[in-house]
Amino acid sequence: APVSGYLSDRINPAFLSTAGLSVTTLGLLSLTLLGEHTPLWEIALSQATLGLGNALFQSPNNNSVMSSVPPEKLGIASGFNSLVRNIGQVSGIAISVSIFENRQAAALAGLPQPDAAQQVAAFLSGYHTALFVGALFAAIGAALSFVRRTELAANKN
């Protein structure tokens, strides 16, 4: 994140935000491939990819937001930025848990006494679906950020 913040002062922050959201999408998609016998190193690699995407996105995105307001409005902009980020996190958790629980319940429906293998399969079904939806949101964000990047580049010319 500090490197990404440093770079966002030197190149278009929208480019780094787009790259970060794209890497986040890849990290989430890689997590949808995990199974009950996935080696620990694959889980760590998927989590590291997700972390790298987040690090690439956050600093440049904050830079972009804070650079777009006049200095006398930085406090308000910072507070609003934090509010929107928190609303996004809370909404994301609510949506992902709802998707997870719904998908898991659907997989277990009609099984009066599911065995361990069925419970694991139901868990993974919910987990994979929730992460896939998260990847879709990240991909949409990357596309919107790319559009913003091209619009910023066009406005400079």
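A search of the whole structure, which is a predicted model, finds two aromatic pairs. One of them joins F100 and F123 in an edge-to-face arrangement. The helix packing described below concerns α2 with α3 and α3 with α4.

**Aromatic pair F100–F123**
- The ring centres of F100 and F123 lie 5.3 Å apart, and their planes make an angle of 75°; planes over 60 degrees apart count as edge-to-face.

**Helix α2**
- Helix α2 covers residues 13-31, 19 residues in total.
- From first to last C-alpha, α2 reaches 27 Å, close to the 27 Å expected at 1.5 Å a residue.
- The N-terminal end of α2 is capped by N12, which places a side-chain oxygen 2.9 Å from the backbone nitrogen of A14.

**α2 against α3**
- The axes of α2 and helix α3 (residues 40-67) come within 7 Å and cross at roughly 155°.
- Because angles over 145 degrees count as roughly antiparallel, α2 is roughly antiparallel to α3.
- The α2–α3 crossing is left-handed.
- Sorted by class, the contact of α2 with α3 has 13 nonpolar and 13 polar residues, and no charged residues.

**α3 against α4**
- The axes of α3 and α4 are 10 Å apart, and the two helices pack at an angle of about 135°.
- The helices α3 and α4 are therefore oblique to each other.
- The crossing in which α3 passes α4 is right-handed.

Methods:
Residues numbered from 1 in each chain as written. Predicted model: local features only at pLDDT ≥ 70, side-chain atom pairs only at ≥ 80, totals over all residues. Heavy atoms only, no water. Helix = DSSP H or I, 4+ residues; strand = E, 2+ residues; numbered from the N terminus. Expected span 1.5 Å × (residues − 1). Polar contact = N/O pair within 3.5 Å; in protein donor to acceptor, adjacent residues only side chain to side chain. Axes fitted to C-alpha atoms, helices over the stretch in contact; angles between N-to-C directions. Parallel < 35°, antiparallel > 145°, perpendicular 65-115°, else oblique. Left-handed = near helix turned anticlockwise from the far one by under 90°. Nonpolar A, V, L, I, M, F, W, Y, C, P; charged D, E, K, R; others polar. Phe/Tyr/Trp six-rings, centres within 6.5 Å; stacked < 30°, edge-to-face > 60°.
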